[in-house]
Each structure stands twice: as structure tokens, then as C-alpha cells.
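Let's take a walk through this model together. Have a look at it below, and then we'll go piece by piece.

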Number of protein chains: 2
Amino acid sequence: MDLSERKLKILSAIIGDYVRTAEPVGSRTLSKKPELGYSPATIRNEMADLEELGYLTHPHTSAGRVPSDKAYRLYVNALMDKKELSKEEKTLIANRLKGSMNEFEKTIEHAASLLSEITNLTSFAITPKKNEDVLKYINLLPVDSETVILMIVSESGKVNNRAIKMSVAYTEENLNLLAKNMTYNYKGKTISQALTNNIIANFETDIIAMSGLAEDLMPNFMRTLEDMLNVNLYMEGLTNIFNIPEYSDLEKAKGFIELLSKKEEMTRKLIERDDGITISIGEENIEDGLQDCSLITASYAINGKLVGKIGVIGPTRMEYGEVTSIIEYLTDNLNNAFRLEGGGEYDEE
Amino acid sequence: MDLSERKLKILSAIIGDYVRTAEPVGSRTLSKKPELGYSPATIRNEMADLEELGYLTHPHTSAGRVPSDKAYRLYVNALMDKKELSKEEKTLIANRLKGSMNEFEKTIEHAASLLSEITNLTSFAITPKKNEDVLKYINLLPVDSETVILMIVSESGKVNNRAIKMSVAYTEENLNLLAKNMTYNYKGKTISQALTNNIIANFETDIIAMSGLAEDLMPNFMRTLEDMLNVNLYMEGLTNIFNIPEYSDLEKAKGFIELLSKKEEMTRKLIERDDGITISIGEENIEDGLQDCSLITASYAINGKLVGKIGVIGPTRMEYGEVTSIIEYLTDNLNNAFRLEGGGEYDEE
DNA sequence: GTTAGCACTCGTAGATGGTGAGTGCTAATA
DNA sequence: TATTAGCACTCACCATCTACGAGTGCTAAC
């Protein structure tokens, strides 16, 4: 059921036009294009065929044609050419990212903001889920007679700490011993291993000599590990939605913004997406309210692992080729930056 | 130029009605209220007077009256009675806050979310500006041969750290010495003192023996101090705006959301506001786009100092009495919780 | 001082009709 | 056989109009 060359050309032209104008495109408009030297009638026949095959729809009898999700999918898979970015765009991206490169979270936030600015869409990014991250170093530092700081450093350079109010007395030597002991036990374990494999429970019995200390510490240790697993969501350019004709209806704009404001759901949705560049179009999104939207996401890596995601969300009518190219270039930049030659230089906020 | 008892009663009734319905209120509606046993004509006369005095306006000839900013101001200053919260509301607030009490930032975020939920308005909160916070303890920890963690603990219990890639070799003793030295120099200084008073510059010369080390460290030290000063902004219930008739116009909703999305500006605006409960109505807000809005903010304290702010923003037509009571009760709760008996148990994220 | 009565105002909602972009179908053409 | 011209038809959109009703201001009576 392959489409003829001419049908593909027409479909492509319709998509191109509709993406630009957001108006249903008619046969007359198309026949004026130099690359389509057919009369309106001929084009109408072809369009009728394309509609029968499910690639076009018809808002009402006397309106032009609108591409369906199926058409966009075909376009993305076969027709679209990824646009090479211009020198200016490339240097813009590179320069804008450079400024904030030494703080990981800031860089990601910045990248999302840049992405929404260039594409005029709503962008988002999530930091990596760190359950593959490996513990490297644990320390306990006395602050005053009743406060101790628990510090956990991971292989990826992330540092977490927590000030703990102790209920039992301690000495600096005790703390040191305990910290060494913990480092010995947990070093090389991933965070999720540390949390799930009951090492913690076993550990407590090991050092029965200072179980009071451990009892104060362990719940805090676990909570800090849980914190380290947490994924942060950044979202930028939410109000770009207001410039898109599809959302000039208040109800739709409201729905969109309400949907995107649900941080937990959005985070989950993004985590679940495949790695690499992924495009999901309209009805392919099963979530309520996302049926009119397309998402383009890509994953970025830190030192080849620990994959986070960045992407955009917009109406199905979007510049797939251009946006994809931009995201691709952006993640390339991020990947290079996060290749940890200056490794571990990310700091806590 | 005092208003007569009757005028006040009528004005109060108009405000009450308008706040509920968002519709201009007419003389007939008012005369039906049992507490206002006058004929529509009488009330019309009084309303005409009130309009002349600037308390009411007239969207068009054949519409009812709408309270002006001046009317709301009078209402807030003199007429409004703060509503005592019901037992249910009080326990709701107390319980909902309790859950997250041991992490400072989370608590604030949670409080903002709770506030927007109860008031059906958009809420926000900022964490305290910490320039009054006093440094307590500085430490340098070796992680591996080229990475060192700089850790700064403040009196208020905040812990910040940063992993630093060193360009010169170091020994553990050197680090210890330097850390002790730094603690000795900075302990008791506020963050802003440490940043501004050139202690840092002087300090560098003091320990000329290991100036290479210090050169690597000091820029990071300053950046971390700057981070510590930073104020976080939380915003919740942005989409509540869509349920407010005043913003059923797309342009207005867009303007509102765009305005609130500017984090830096909002933060600045909030920082500048007076402490205690502050109500600013309509035109009293000089910022562009805030002229149709009212803000109610309150400050909360940590251990009596380090004041952050929390509040709501909504149309000038809002339930000033009720919202004020809620905010008051909420900040009371926060103040108690932050009285640092379990002090310093806030952790970094 | 208060109220009833009445003419007047003006926003809102619904009905009407013209316009134009676009279609589908048929018959003529290359 | 594929393409095109011609034509009747459809339908969203816009502007105009009208009726309605809530509310006012003013005047005169109570």
C-alpha cells in the first residue's frame, strides 16, 4: 500500500503548509506551488485518496485538508529531512551553554530554557535517576556537642549531606570509626543496592558496640540515599503555549497548563520514555490531555551513563525536522560537557 | 469626610456581594438584603454619593456598581473582620504541615501548596535571605587525589558543599590546617560580611605558605557563599487563575501567567515587601500587570530571625478577611515549627 | 428624607443574510 | 487513461439587526 511519488509530494506540501499557517490547506493553494504543477482538480483527487487512506482529515466540508497523526508519523519516519543548523544557531547554543557549565543542575535548567527559547515551545528536562550511581565515600563530621553532619559522596561527583541532631553522646574517634566502617561497607554499591539489599540492617548488627550512634544515624542515612535517587524536573517556556493558535481557546490552554503543572506525573512520563531521540505524536500519547500534543525528547549522558532527558512539548503541528535537529545538537553539547574531564565539579545547591 | 454609618453598611454589602459573584451589584439586589431595609431608590442615591467619593465605579451606565481599590483599602483597614478559622481548617493546616516538618525547603514548598489549595488562589513563598546567617564551621575533605570537598556550615543549620577539582597537590594535613585557619577567620561572620569585607583577599596573603591551595579554593568558597545567600521561590496553584472570571479572557490569563513566570522579578518583589502581614491592593502595586491584582503576604521567622515570606496573589476581588486569617494561622504554625528546638535538622538537597 | 414611577442606557444573546474559500462531481480534453 | 475546466453546493465567518432585561438617573409625590 505504498503511496505514489506524487501523493507523497502532495502530503509533504500539505504538512509543510499546515505547520506554518495552522490553517487547513486547500487544493488551489497547493496547485500554485511551483513543485506541484497540477491543477486544483487533480490535487483534489489525490487529496480525496489520501483522506481515504487516513492521512488527511477534513474539519468540515468546505474547508481544506489537515494532516492526521498518521501523516505526521509518516513524515517523521520517511519524509522529513533533519535541518542542519546554521552557524549562528550553533554558536548561540554553544555559547549560551558554556556560561553555566560548572554547575550541573544549573546547566540543565539553562539548557531547557535555551531550548524553549529557540523552538518557541515548552521545554523540560529531568536530571538523571541515580540508582546506577555508585557510593564512594561516607563521612561523619562533628559540628557541636549534639550535631553531626552526615556526608555522602558518589562516583558521579554528587555530594549530599544532612545535619543530624544526635540523642546520644559521641566522640570524634567514634564518628571516624563509624564513617570508615560505613565507607568500607558501602563503597562500590549503587544507591539502590544500598537501599534495598538490606545491607543497612545487617550493618547495624555489625557494630553493636556503638549501636546507639548507628540508631541515630541509619534512618537519616536512608533518607539521604532516597534523596539522592530523586529526579528533578525543570520546565521552561510554559507561556509559549499562548502564542500557538491551537491553544487560543481558554479551555484548551487551561488544560495544557494544568496538565504540565503536575510535576510528579510529568516526571514519571519522561522517565519512562526510551533513550535516544524519541518522537511521540498525538494519539500515540496515551495520557489524557496529551492527545493533541507531540513530544520530542532526547537523552543526555554523564560520562556515558546516568541518563537524563530533555525535550519539548507542543501541538502535533510542529516543525519536527527543525526541532529534532536542535535537540540533537543540544544534547551533543551536553554530552560533551558532561564527559567529566573536569569531572565531579558539580556542586550542591 | 467620614462616611455615614449607612454608607459604610452599603459599601460593605456591595463588596461582600461583588467578592462572591464577580458581577456588578445593583440597587434592587441590595435593597432585598434584610440588613438594608431601604428602597432601591434610596440606595441608588447613596451609591451615587459613594461613586462621587471614589469608592465605587460603574462599568457602564446600565450596570450595577463595582468597588474601587479605594473601597477595598477602606474595607481592609476598617470594615473587614478577620474570620476565625474553624476547628477543621486549623487541624487540616496543622496536620498537613506536620508531615514534612523535618526538611526546611520541603516544609516551605508544602506550606505554599497548602495555602493555594485552601484559598483557591496562586500562592508563593520565598526562603529567607541568609545574609544575616552566621558562619560556624568550614571543612575541607579529601575525596581522591585531585578532588576536595569544601563544606560550609552556618549557625542556622544550613550545610553547603562543593566538590572542587584541585590543580595542585595537597596533603591531608595541609587541608586540615587550611580548614582550621578558615574556620578561625570566618566563624561568627555573616555571609555578606565574609563576601564583602575583603576578608577573603586579606586571608589569602595570611597563609602564603600554601597559596596554591588557597588559589584553587577561594573562588569556589566565594561562589558557595553566594549560593548560600540565594533565595528560593516556590509557586503553587498557578492554574487557579483559570477559575477566576476576571481571567476568563485569554489575554489577561496569559499576561498573569507570563508575569508570574518571571522568577527573578517575583523574588525581588517579594523580598522588598514589608515584614508582617502586608496587603497591597490593585493600583498600589506599581509593577506593570499587577494593577488588577492584590497581594497578601506574611513573613515567617526561623528562630526569631532570618525572615522568609509567604503569600497569595489574586484579583483585587478576593476574600481579604478569610485569606488573611488563613495566612496568619499558617505563619504562626511555621514560626513555631522553626523555633529550632530540634534545631538544625534541615538538610541539603 | 424616602420612595414610587418612568424614560433612558447599554450589554448580551439570538436571528439573519451575504461572502468566500473550498469541495465533489461531471463532462470535456490531451 | 490521466488530467482539467466548470459548476453547484457547503459551511464557517462576519457584520448587522433586533428584542430583552438589568440597572440607572431624575422627578414628583409621600
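We'll start at the DNA and then move on to the strands.

This is a predicted model, where local features need pLDDT of at least 70, side-chain atom pairs count only at pLDDT 80 or more, and totals for chains, interfaces and linings use all residues. Residues are numbered from 1 along each chain as its sequence is written, while chains are lettered from A and ligands numbered from 1 in the order written.

Around DNA strand D sit 20 residues, and A:Thr42, A:Ser62, B:Gly26, B:Ser27 and B:Ser62 come nearest. Near here means that the C-beta atom, placed from the backbone, lies within 6 Å. With four residues, H3(B) gives the most to this surface. Helices (H or I, at least four residues) and strands (E, at least two) are DSSP runs, numbered from the N terminus.

Now for chain B, where five strands make an open antiparallel sheet in the order E7-E3-E10-E9-E8. Strands pair if DSSP finds at least two bridges between them. Strands E7 (233-236) and E8 (278-281) of chain B are at the edges with a single partner strand each, so one side of each has no neighbour in the sheet. Inside this chain, E9 (293-302) and E10 (305-315) pair over nine bridges, with B:Ala298 opposite B:Ile310.

Over in chain A, all five residues of strand E3 (122-126) are buried, that is, 20 or more other C-beta atoms lie within 10 Å of their own, C-beta atoms being placed from the backbone. E3(A) runs antiparallel to E10(A), joined by five bridges, and A:Ala125 has A:Ile310 as its partner there.

How values were computed: A residue is buried if 20 or more other C-beta atoms lie within 10 Å of its own, exposed if 12 or fewer, and partly exposed in between; C-beta atoms are placed from the backbone.
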